[in-house]
Amino acid sequence: MSSLSRELVFLILQFLEEEKFKESVHKLEQESGFFFNMKIFEEKVHAGEWDEVEKYLSGFTKVDDNRYSMKIYFEIRKQKYLEALDRQDKAKAVDILVNDLKVFSTFNEDLYKEITQLLTLRNFRENEQLSKYGDTKTARSIMLLELKKLIEANPLFREKLVFPTLKSSRLRTLINQSLNWQHQLCKNPRPNPDIKTLFTDHTCTPPNGALAPTPVNLTPAAVAKPAPYTSLGAHGPFPPTAAAAAAVANANTLAGWMANAAASSSIQAAVVTASSLPAASNQVSILKRSAPATLGMMEYPNAEHEQLMKRLRPSQSVEEVTYPTVRQQASWSIDDLPRNVAFTLHQGSSVMSLDFHPSHHTLLLVGCNNGDITLWEAGIREKLCTKPFKIWEIQACTLSFQASATKDAPFSVTRVTWSPDGTFCGAAFSKHLIHLYAYTGPNDLRSHLEIDAHAGGVNDIAFAHPNKQLCVVTCGDDKLIKVWDLNGRKLFNFEGHEAPVYSICPHQKENIQFLFSTAVDGKIKAWLYDNVGSRVDYDAPGHWCTTMLYSADGSRLFSCGTGKDGDSFLVEWNESEGAIKRTYTGFRKKSTGVVQFDTTQNHFLAVGEDNQIKFWDMDNINILATTDADGGLANLPRLRFNKEGNLLAVTTADNGIKILANSNGMRSLRAADATPFEALRSPLEVPAKASASSVANIAPVSCKVERSSPVRPSPILVRQNSIDSMSRSMEKARALDDVDKIKPCQLTEIVDPTQCRMVTMPESTDGTNKVARLLYTNSGIGILALASNGTQRLWKWARNDQNPSGKATASITPQHWKPNSGLLMNNDVTGVLLEEVVPCIALSKNDSYVMSAAGGKVSLFNMTTFKVMTTFMSPPPASTFLAFHPQDNNIIAIGMEDSTIHIYNVRVDEVKSKLKGHQKRITGLAFSTNLNVLVSSGADAQLCIWNIDTWERRKSVSIQMPAGKASTGDTRVQFHSDQVRLLVSHKTQIAIYDVAKMERIHQWVPQNALSAPISCATYSCNSQLVFASFCDGNVGIFDADTLRLRCRVAPSAYMSQAALTGNGCGGGGGGARNPCVYPVVVAAHPQEPNQFAVGLTDGGIKVIEPAESEGKWGILAPGDNGLLLNGGRPPSSSSAASNHAAAADQVQRL
């Protein structure tokens, strides 16, 4: 539904409310799903109208939509069950148990058994967990508080809890305005007109009382015959014999479409009616895009075209030949669906289109809204190359385009695609152009051809093989479809659509090439590669934007799209009849955009909708499974399967791409990751096809698990192993099984250098200056370090045969990079007491500039020349933390020594806002564009949330300190890739917070082998791991979802023997006593999730990765190793922690 239609529903709701149609108001709220009326929901809950509560709720969510919805329904049904027990109505209680609560036993059988046992008690309050259950009214109030939290956290209720602000009687006002306008248009307006109806447009009766003219209806017989078409001869780019052969073999593909095309106009109706009459052998019926001069039959003198039209005739013909397709029912399992997240690729800009290589199944082509084309090798999680948008030959483009190219909006990619053999790829852009690249191997996309293809946007691009010649097909806003050869010569220009053409679908049957196209008015047309015109004029469901795809074997045709009212459709077509064969169900939400889909394995369909991926079996209209890919997906994610169907790429809300895999896909990724890079150079490498496992009579399953904004469970009858944790653990276990069965990783203790890969930055060790801050460049090719004396140094990895990607790696030593001028990036530290300095640094998104400070002014350096571009913010107070605004590099958030935060605009050299809320210096800043907030942390152990539109403070909380620990020291913050969860690190703990509610989810405190204070912590690039460094030299690697320990890297694994022994560090068992050398900071590689770097107190910098034979850092340690749920008491820390307190205090000042 369009936004205007949605607003109309709100106007109707307001009207019904004002007219006191209360039941109608709530019925429309439920049926539209646009506004959840919390007030009426509360009234029904307090009244115990449980059937009405669930009925109203069903308009917004179902029990299996996500874990929030599941808990909402569970709480309601549990309360209904307890009330029946409290009334001693055992029969009703049994009915609720069997019919309402049974569904939850699938997720937590133990909990269901415990609920069942309550039937055996005289009073269910005898159960320890229900001993505090009061009366019914109180219990309902407590439950309602929990329900409101769950509803507010549930993503399905976003933007549905607040009714828009409207002036009273807005609908009446609009109607009055319309009537006034109609009256002004009257030819003979009368004063004070008496308007008695709204059913027809208002007109004032003419003074003479003349009657309106009577509509004239013509019979089909009155319509004259058209002039015949002239013969095409051999003037087309392809010989007419090819077109004739195409017609003979392609009868069933298009004939039914034409026969059953909806008579959407009187023209079409006349043609369809006439087509059922006997016709001369040289006459045919055809549907055209618009009315010719006359209507009826059209003559084709060419005998081959006569044969073609006979085959397309809707009436029954003895010459029609069908080609039955025998599909072998391959055994399959729901586990064949790629649903487990393997990793996330961080693109950096919004992804508009993606496509896997047809034979190299881990090679992914990506197009972005900034015009960039990127080639990823998913197997090694590397960007092989990026092609920023530029116009190759502006002089070769049309004059109108030349005039508009520089002043219009930036170019965006609308579609990328591979040629069938993978030797070419193409990109369509939002204005005029397409680019073709030749692909000869990794890092090698060569510019091949630029075409000024359409006036306006180019909406789709595809490759086709008419006459066995590889060609490019495009469509655009100019309502045209064009076919080009690879030299840029236009072969065909298909006219016929009356609206911008949205998508194209070339296909081949029995060596015959044809093409489907769809337009934004919902029209579907079919074309042969000739100049005759379209063979089909058909309406797509929803009458708006639709995409068409064939199954991999070419035997089944599907379309998916969204209507103007927001309803989405997924259908299979019966090609022989031109009718919809089946319509798939499972779309639950009105979409504001157009849903995307893909097919795989000749068996599955996948659609991106509502921040999740939905799967269907092609032979079953009911949804098979859903997944939210651990959260963070775009609202309408774009998606693409690889050719084998074992990998699925989906787009995220934070400009990334998640790679989902099944077990075979995990193996292929590991195989690619372990393959030497040179082995990936062949663009036509074909891995062995994996066979699917078998399962019989599988029922539809929903596997969706929401992970953002976790909610604290209700205190009434909810255990730690409740439905919430059970459902998550089931999916998590399955995902881990798929990964770990392939190659178990037992790396829990890394104590020897041979157990990992490590490289030391040359010329980095400087015993007088510690590493204060450490960053990877966003491109992943270098490391930038800021020392405690304000000096910045840069190391880069060279691109060569040993390192073709040029990315940071622990296998190759990088170069200490300096410009030819010999300049150094030194901050101004004049008059600064370095012992008290808090250095800070931030890097622009494109790696062009770095700003930093070390007690003095903030300096902005050019990363290529090392020149100081400008300085600003002279102390006092000194700057202590820097962060670029995520959407504007000219806006910088600067944390200050005096506890304030300055919002500074570099362009105008002005502080726009000054934020006050902390008591001590600012030690951390993190932006979330999803939540539209800035989170700040300080040395006062406070977290503050600021609205980045108004810069008003929303909330402040104190981090919860472990028992007996002081709150002194720096607190750092970093957002998870989902932009909702927040990593908070302090010398006493690492913790995960849900910023949407500002509640702590998990906490880990130093203990056992990792008992020293924490010096730093950071997320891995995919936010699946947390790397934490400790003041005794250890590094801990934790699972980011649970903060359970995966691996410990001892100092003996990466420090030199001199550092371990010369400074009094004991190396026995990988531990250290009273170390002088330990990691102050830790940084994560921006694309490689298992690579991190540490900056040491002696100035040394190490890059560390797992051993090549392992590929990742260990597995989850058994048992509880520090995972704390809200408020839980941690195990007591070792007394060794106090031995490192002095070292930790030093760290907090760096």
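In this predicted model, strand S20 (residues 545–550) and strand S21 run antiparallel and are joined by 6 bridges. Within this pairing, Thr547 stands opposite Cys560 of S21. The two strands, S20 and S21, make up a hairpin in which 6 residues lie between them, and Gly554, located in the turn, has a positive phi of about 75 degrees.

Strand S21 is also joined by 6 bridges to strand S22 (residues 568–574), and this pair likewise runs antiparallel. Here Phe558 has Glu572 in S22 as its bridge partner. A hairpin is formed by S21 and S22 as well, with 5 residues between the strands, and Gly566 in its turn has a positive phi of about 95 degrees.

Of the 6 residues in strand S21 (residues 557–562), 6 are buried, so the strand is largely enclosed by the rest of the structure.

Elsewhere in the model, 5 strands form an open sheet with mixed pairing, in the order S31-S57-S56-S55-S54. Strand S31 (749–750) and strand S54 (1014–1019) stand at the edges of this sheet, and because each has a single partner strand, one side of each is left without a neighbour in the sheet. The pairing of S31 with strand S57 (residues 1045–1049) is parallel and extends over 2 bridges; in this pairing, Ile750 has Val1049 of S57 as its bridge partner.

Two patches were identified on the surface. A nonpolar patch is formed by Ile175, Leu198 and Phe199, which together have about 370 Å² of accessible area. Leu198, one of these residues, is placed in the loop between helix H9 (170–185) and helix H10 (240–249). With a relative accessibility of 56%, Leu198 counts as exposed, because the category requires a value over 50%.

The other patch carries negative charge and brings together Glu835, Glu836, Glu897 and Asp898 on the surface. Within this group, Glu897 belongs to the loop that lies between strand S43 (888–896) and strand S44 (900–905). Its relative accessible area is 33%, and Glu897 is therefore partly exposed.

Conventions
Residues numbered from 1 in each chain as written. Predicted model: local features only at pLDDT ≥ 70, side-chain atom pairs only at ≥ 80, totals over all residues. Heavy atoms only, no water. Patch = residues over 30% accessible without salt bridge, like charges linked within 9 Å, V, L, I, M, F, W, Y side chains within 5 Å. Areas by Shrake-Rupley, 256 points an atom, 1.4 Å probe, with all protein chains shown as cover. Salt bridge = Lys/Arg side-chain N within 4 Å of Asp/Glu carboxyl O. Lys, Arg positive; Asp, Glu negative; His and termini not counted. Charge placed at Lys NZ, Arg CZ, Asp CG, Glu CD. Helix = DSSP H or I, 4+ residues; strand = E, 2+ residues; numbered from the N terminus. Buried < 20%, exposed > 50% of the residue type's maximum accessible area, 1.4 Å probe, protein only. Pairing = 2+ DSSP bridges.
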